[in-house]
Amino acid sequence: MITQFSGKKISAMLGILPQLVSNFDDEVGNYSFPTQQTMRLKKVMGYKQHRLAAQNSTVSDFGIYGLNYMLQNQWMKKEDIGAVVVVSLCPDFFVPHNSNIIAGKCGLNCDVICLDVAQGCCGFLIGLMQSFMLLDHLPNKKVVLINGDVLSHKISKKDRNDYPLVGDAITVTVIENDDDAKPIYYEMHMDGSRGNSLKIPAGGFRMPSSSETAVMKDLGDGNFRALDHVHMEGSEIFNFVQTDVAQMLLNVFENGSAKIEDFDYFFFHQPNRFMLQKLSEKVGLPKDKLFMNLVENYGNPSGASIPLTAIHNCRESLLTKNNHCCLSAFGSGLAWGVMFMDIGNLNYCEMIESNL
Amino acid sequence: MDEKEKIFEMLTELRPEFDYKNSQNFIEDGLLDSFDIVSLTTMLEESFKVTIDGMSIVPENYESVDAILALVKDSKSVG
């Protein structure tokens with residue numbers, strides 16, 4: 001899909017972090033690999049510390065916390081909200097849906113559209129796409145887009161491929177109509193034939209969770225996981241980013257629709273420092289405008305990675321001026337996309353912590 | 001020190017428990033996993049002042065010292 005949206009803008013961004021910080025140094029002993037080998041990854045991959053949600057905290061808990069924070073601090077009124085879109089891989093239940101739970105707990109009106117979208121790494125771009133389309137039918141309303149996951153609950157602590165990089169966090173983004181907003185370029189690609197590269201095998205209807213799916217096993221690479229846990233084929237994902245994602249970016253910058261030097265910031269999904277470093281080298285992106293520091297500060301929070309990167313690195317700039325931004329995400333699905341959008345002069349932009 | 005010895009030294013620093021000089025294929029013999037390859041890539045880049053293309057970071061380019069040296073020589077110099 002390649003398209004363009006018009007008359008839409010982001011007016012507020014909120015990041016919500018769990019308070020619990022876990023340090024990579026303290027986790028090294030959990031893995032079945034030599035300590036010296038594992039410690040080398042600290043610098044290369046950007047493993048330092050990550051945020052973990054409390055054991056019983058869910059995405060809806062964070063969403064309720066964030067939306068109530070916005071309402072209580074008068075970022076907007078309840079009656080301004082036309083839709084709540086939740087993009088996450090972590091539903092509280094199969095039914096009811098996280099968006100309905102959040103809207104109900106926050107006391108929103110019954111004419112507010114509630115929509116859950118199951119997407120991971122590309123969740124922010126998919127969520128913006130959905131929000132823009134809804135706003136075409138909600139001329140005087142705002143859409144509340146909630147992104148993020150508590151995937152640490154689904155990753156083995158003995159899996160060095162995945163555990164050091166995961167981070168739990170949620171973002172809430174407010175999107176609204178604005179006739180003066182510049183056109184937004186959007187491109188999204190999906191290849192379901194490679195979906196098994198990033199998978200949680202058990203827990204759905206195909207393979208319900210059971211005592212058998214909870215058994216931890218070494219699947220041949222020295223990492224211990226259960227079928228209930230995230231399984232990532234790291235080499236396949238790395239190659240995917242170096243081929244499909246790099247080519248998409250090279251094409252979009254080479255076909256004349258945009259010049260790299262025209263952008264103020266490149267807010268990309270945050271898998272790890274090494275992968276982003278190699279992607280930036282291949283595409284020729286400026287290192288001072290492409291942030292690679294989310295994993296070392298918070299971990300990779302899946303679909304919340306792009307807005308969290310923006311808030312962490314550029315809060316003041318997002319509040320005080322207009323910024324021409326290139327957003328790009330890639331991962332589960334497989335899916336990969338890019339969006340060019342001006343973000344700035346926000347009414348509100350903040351990072352907060354909760355005890356969730 | 002010649003370039004091959006330099007690479008052997010890096011490998012030994014990376015995984016001191018293995019004898020790389022007596023291996024015909026580091027990957028098949030289990031002497032390098034994917035994370036070792038990532039770490040070795042950054043060591044090679046720093047030591048030889050090159051940038052290794054992401055698409056070249058595949059196991060077959062790391063299966064022997066000759067293959068690794070060829071990879072370094074095919075890579076772009078930095079600065």
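How many helices and strands make up the secondary structure of chain B? The count is three helices and two strands. This is a predicted model.

**Chain B as a whole**

- Along the sequence, the elements of chain B run in the pattern α-α-β-α-β.
- The radius of gyration of chain B is 12 Å, and the globule rule gives 12 Å for 79 residues, so chain B is as compact as a globular protein of that length.
- Taken along the principal axes, the C-alpha atoms of chain B fill a box of roughly 35 × 30 × 20 Å.
- Buried residues account for 28% of the 79 residues of chain B.
- Take the contacts in chain B between residues at least 6 apart in sequence: 54% of them join residues at least 24 apart.

**Helix 1 against helix 3 in chain B**

- Helix 1 of chain B covers residues 3-14, and helix 3 of chain B covers residues 65-74.
- The axes of these two helices come within 10 Å and cross at roughly 110 degrees.
- An angle from 65 to 115 degrees counts as roughly perpendicular, so helix 1 of chain B is roughly perpendicular to helix 3 of chain B.
- Helix 1 of chain B brings E3(B), K4(B), I7(B) and F8(B) to this contact.
- Helix 3 of chain B meets them with V65(B), I68(B) and L69(B).
- By class, the residues of this contact are five nonpolar, no polar and two charged.

**Helix 1 against helix 2 in chain B**

- Helix 2 of chain B spans residues 34-48.
- Helix 1 and helix 2 of chain B pack at an angle of about 140 degrees, and their axes are 11 Å apart.
- That angle makes helix 1 of chain B oblique to helix 2 of chain B.
- The crossing of helix 1 and helix 2 of chain B is right-handed.
- From helix 1 of chain B come K6(B), M10(B) and L14(B).
- From helix 2 of chain B come D36(B), S39(B), L40(B), M43(B) and S47(B).
- The contact of helix 1 with helix 2 of chain B has four nonpolar, two polar and two charged residues.

**Where chain A touches chain B**

- On the chain A side, 14 residues are in contact with 13 residues of chain B.
- Three helices of chain A each supply at least two residues of that side: helix 2 (35-46), helix 6 (234-254) and helix 7 (273-283).
- Which helix of chain A gives the most to the side that touches chain B? Helix 7 of chain A does, with five residues.
- By class, the side of chain A that touches chain B has five nonpolar, five polar and four charged residues.

**Cis peptide bonds in chain A**

- The peptide bond from V95(A) to P96(A) is cis, with omega near 0 degrees.
- P96(A) sits in the loop between strand 5 (81-87) and helix 4 (98-105) of chain A.
- The peptide bond from G333(A) to L334(A) is also cis, with omega near -10 degrees.
- L334(A) belongs to the loop between strand 15 (322-331) and strand 16 (335-344) of chain A.

**Positive phi angles in chain A**

- Q74(A) is not a glycine, yet it has a positive phi of about 60 degrees.
- The loop that holds Q74(A) runs between helix 3 (59-72) and strand 5 of chain A.
- Is Q74(A) buried or exposed? Q74(A) counts as exposed, because it has 8 C-beta neighbours inside 10 Å.
- S302(A) is not a glycine either, and its phi is positive at about 55 degrees.
- S302(A) lies in the loop between helix 8 (294-297) and helix 9 (305-320) of chain A.
- S302(A) is buried, because 31 other C-beta atoms lie within 10 Å.

**F205(A), a loop residue**

- F205(A) is placed in the loop between strand 10 (198-199) and strand 11 (217-218) of chain A.
- F205(A) has 6 C-beta neighbours inside 10 Å, so it counts as exposed.
- In sequence, F205(A) and V59(A) are 146 residues apart.
- In space, F205(A) and V59(A) are 21 Å apart, C-alpha to C-alpha.

Conventions
Residues numbered from 1 in each chain as written. Chains lettered and ligands numbered in written order. Predicted model: local features only at pLDDT ≥ 70, side-chain atom pairs only at ≥ 80, totals over all residues. Contact = placed C-beta atoms within 7 Å. Helix = DSSP H or I, 4+ residues; strand = E, 2+ residues; numbered from the N terminus. Nonpolar A, V, L, I, M, F, W, Y, C, P; charged D, E, K, R; others polar. Rg over C-alpha atoms; globule rule 2.2 N^0.38 Å. Buried ≥ 20, exposed ≤ 12 C-beta atoms within 10 Å, placed from the backbone. Axes fitted to C-alpha atoms, helices over the stretch in contact; angles between N-to-C directions. Parallel < 35°, antiparallel > 145°, perpendicular 65-115°, else oblique. Left-handed = near helix turned anticlockwise from the far one by under 90°.
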